[in-house]
Amino acid sequence: MITNYTKPFTKEESLSHLNIFIREWFEKKYKELTPPQKYSLKLISEQRNLLITAPTGSGKTFSAFITIMSELMDLSLKGRLEEKVYCIYVSPLRALNNDIYKNLSVPLQEIYSQMTLDISKVRVATRTGDTTTKERQQMLAHPPHILVTTPESLAILINSQRFSEHFRGLRYLIIDELHELANNKRGVHLSMSIERLAEMIGHDFVRIGLGATLSPLEDAARFLVGYKDNGEERDCYIVDATWDKKMEFMAMSPVSDIVNATDGVIEGSIYKMLNSIIKKNKTTLIFTNTRSGTERVVYNLMKSYKYNEESIAAHHGSLSRDMRLGVEEMLKKGELKCVVSSTSLELGIDIGYIDNVIQLGSPKSVARAVQRFGRSGHGFMDIARGETIVTNRDDLVECSVMLDAAKKRHLDRFQTPKNALDILSQHIVGMSQNKKWKLDEAYNVIRRSYPYHTLPRGDFMALINYLSGKYVGLESRRVYGKIWYDENEGTFGRRGKLTKLIYFLNLGAIPDDVAIDVFTTENKWIGNIEEEFMMRLKPGDVFVLGGHRYKFEYSRVMRCIVSDASGEIPTIPPWYSEQLPLTYELAIEIGRFREQLAKELAEYTKSRKLMSLISGKPKKEIDDIKILKDMPIDDNARNSIFRYFMEQLLYAKAIPNDHHMLIEKTKDKEQDRNYVIFHSLYGRRVNDALSRILAIYLGDRYETEIGINIVDNGFVIITESGIDIKKRDIDIFLKEMSTVNIREMLKENIKRTEMMKRRFRYCAARGFMVLRNYKGRKISVRRQQINAQLVFKAAEEIDPDFPIIKETYREIFDDVMDLPKAEDILRRMSKEEITYQLIETTVPSPFSHNMITFGEADIVMMKDRRKHIRELHKQVMSKIKKMF
Amino acid sequence: MKIAEGVEALEGLPVLYIKKLNAIVCSDLHLGYEGVMADRGTFLPKVNLRNIKKTIKKAIEMTKADRIIIDGDIKNEFSDVHVEEFNEFYEFTKFLREELKLKYIDLVKGNHDNFIDRYEKSSSIKLYRQEALMDGFLFFHGEELPKDKDAKFLVMGHLHPAIGIYNKLGIKEKLKCFLYGKTRDKREIIILPAMNYFAEGIDVAVGHLGENSPVFKKMLDVGPMEAICIGEGELLDFGKVSEIAAIGRR
């Protein structure tokens, strides 16, 4: 049973069970318990499984270790501390592991230095890909009592025959940064490793999960503890200390009128705001969402406000490890005034004292916003402070609603990939190396793990058949088979000497990624893009690289071929693949906000003073609007939101919301094409699926090619100017979609795309169908990609439902896109639970301006985009004026 | 589809039929490919031979030919005959002789066909080391220029020609194709698509063919050639390569 635990224990209750030396040390060092410690010390001493969520700096990691250290100290005093691993700590980051190692070693040393007794000492060691062979051998002879490791290294250790012996006495397992694992395949991988470990040593252990806030906590707890064989979830206590730390945050608009202010003014104002916040605080952390944005902010702050390399620094994934470590070191020493990060500083590495967090532009998720703000404030007693500074009107609405939701503790939901067959392939191979298994026995172990609890037997058998090489003739199975399988006996086990090596050299969930070279059709090298970005490109897409515009033509294995497109409007910003998609839940919150605000504004549309309202500064009227009053936003923001909605309401007479979709037809005369803008506010992953389904349908119906642009707030269908999509088309579409198998339809469509080819490589590499390393030789990503395409072709021929193909579709539909929700939206539309209205505009309505200029949303293009939006806005305003 | 007098491309198949010779012609089988790849750590399901057998059986049923001319690269490995290659080669020639009851099996050696000579007798095939001239038709593999200067009709393989098609939703299809046209000295030439299941082909409308091929350097321009693509069960005439290339860059 999962139990939410809300009653903290007293200090005495918490400390009474501790070893005397630990207790003395603890009380000398700390005056009081932090919120997580008020629960964890006692609960862990009672051997409870426990999930703790709390902001970083709240001592939650240490709170998990105190009881464990105390227990080990007791053992050593009794002379019963043996040569085995008592506790495993797993985190997704090597850097974090090094921090933890230090944070455990130092207290232990301090305690031992006070002791006069000569007892065997508690050993801590890290084991990651960086660990040297010598250290590994030492660990084998004298295992650490507390092992600090990563998911990948743990997977290797449980398959190491000699080392795994040391796990037999395991009592505790800690997963840190659970929120970074529970929503992806790395976490899925870890979850299976843990179940295998428990099965291998023949007993369960106390599981402790630590994380920043995430929702729903019950699912996070299930992820941590898994299920019993009878299908019941294992017991787990949840302690949510996220909100015990006070948070103060606000959404701010740099100017009172984002549309009409010039770039110079907006930019100047943003940097002025940044500077004044930085100056007020000791150390400020700025999140920019993209790496290029990070560099730009650092550059501009240095240029305009005389910061230098000693006071400000950038930190993001493209920097070398040494540079990042250098920045982290400076932060720990408190030397920096400001650090600017894309996303890399979200994780809980120790970065010392941060007293303010600024987010430049929306982080696209409520939970993420809370996690980021949580990085500020030294201890749990301090208040976490932060601001979100917005860059356009949609961003403004989004951030305002996001922070309001954060205030109300409405969080978006995370999702764990379920029944991922590629990861499971690895584990079945790993399991077969450990011993001979009965099918039922293995199937039961697998289903104890949360991500595989609902695994269909058929999928399991398909994997057994694949891995045993059943897809080739008997005489070739020696080469193809990775497990041995006896059909009559219903058992499987180890096969071949090479398999063990393949397992060790290829395991893990993170795909090898590589930069794609961009060439012109004349074979001239332009630069690099990320593979994830190339996956998103469709022929005809225009994007900016190195200040120039190029049109995507086609791709070769590791090359992207483009033609010159100067003068054309970009359709996709270069950071598209880098920026996280808006979550469904936040999109729905925005939809609800739109509905409520529209209701409140309705009365003003009848007012005579209307023009003055939207052109002047109607402070009083704005102050009267209830829904805006309580939001954590500044006056500029209030004013801008008010005007934005008024303009939309006046011009289009419609404000779309979560159960009413606005579909807007408009023309682009310059480009000679038609736009159908779907104000479909369900987040980008849902829109990704929705738009594709619609484009396939309309393409078939009109026998034409349909272009799509997908953004967070909706999507745009682009057709030739001769094609006129009517209400009837959409009605018929909705009707037909309720009868067809959408998944099959999309499959057919996605099969020959870059997305499929690349994602199949990821899945095939995880599923050991395409190797990344063979007999110790690294296989280049290029070669892997070619091999993956060959394997796909052949596997598809013998069985279109081949497990790895099936998994690739699942990954695309459920992880990259959100097809289940898109199907649900369509179903609700056909039942008219979600209504829609079709309008025609000569100039696109204000709510669509950011959508149709989305491709220009890049630094280099930012000026053009604002100009473009200002132009559209001017046209809208002149039309509104004519109405009166 | 009729390509030239007495020369027909079979609907939906990468196979040519020449009436005068009562022969089907195909090229670039690369038998044993999966086995060779498996040795290097890529475990391709075996589908190539199965597919080739199916295709050739169909071609024989359609044409009642009693001869097959393989225009090079029956196998894959350069340095030796891999055990899987031998197995498949053996199975394939046996299939041609015993199941399809073909009278003549001709193989023009390609650049991948080293050491195949050992099996010429045992598999009762006729091996041509450079090129084969039959009744005015010259068959050569294509990695080198043909020696014969008189034949009126040339047939080559080696290139694996194909045409790539994209649409706005990002879908890419590659269709194998025959290329048909005239050499600079005005002889008719046809380039065969690859039989190998895994060979997607080289997109001739976007590539730089001249760089590596002596044939395209010395005797042939790809632009004016006609691309006849192999679709599902039918052939599709795509017109001139230069025109397809122009559309691609709109």
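Student: Which unit do β4(A), helix α6 and β5(A) make?
Tutor: β4(A), helix α6 (residues 133–141) of chain A and β5(A) make a right-handed β-α-β unit. Right-handed means that, with the strands pointing away from the viewer, the path from the first strand over the helix to the second runs clockwise. Helices (H or I, at least four residues) and strands (E, at least two) are DSSP runs, numbered from the N terminus. This is a predicted model: local features need pLDDT of at least 70, side-chain atom pairs count only at pLDDT 80 or more, and totals for chains, interfaces and linings use all residues. Residues are numbered from 1 along each chain as its sequence is written, while chains are lettered from A and ligands numbered from 1 in the order in which they are written.

Student: How many bridges pair β4 of chain A with β5(A)?
Tutor: 4 bridges, in the parallel sense, with β4 covering residues 124–127. Two strands pair if DSSP finds at least two bridges between them. A:Ala125 has A:Leu147 as its bridge partner in β5(A).

Student: And what about β3 of chain A?
Tutor: Strand β3 (residues 87–90) also pairs with β5(A) over 4 bridges, in the parallel sense. There, A:Val90 stands opposite A:Thr149.

Student: New topic. At what angle do α2 and α4 of chain A cross?
Tutor: Roughly 140°, and the axes of α2 (residues 20–29) and α4 (residues 60–77) come within 8 Å. Axes are lines fitted to C-alpha atoms, for helices over the stretch in contact, and angles run from 0 to 180 degrees between N-to-C directions. α2(A) and α4(A) are therefore oblique to each other. Under 35 degrees counts as roughly parallel, over 145 as roughly antiparallel, 65 to 115 as roughly perpendicular and the rest as oblique.

Student: Which residues of α2(A) make the contact?
Tutor: A:Phe21, A:Ile22 and A:Phe26, against A:Ile66, A:Met69, A:Ser70 and A:Met73 of α4(A). Contact means C-beta atoms, placed from the backbone, within 7 Å.

Student: Over to chain B. What order does its sheet have?
Tutor: The open sheet of 7 strands runs β1-β2-β3-β4-β5-β6-β7, with mixed pairing. β1 (2–4) and β7 (126–128) stand at the edges with a single partner strand each, so one side of each is left without a neighbour in the sheet.

Conventions:
Contact = placed C-beta atoms within 7 Å.
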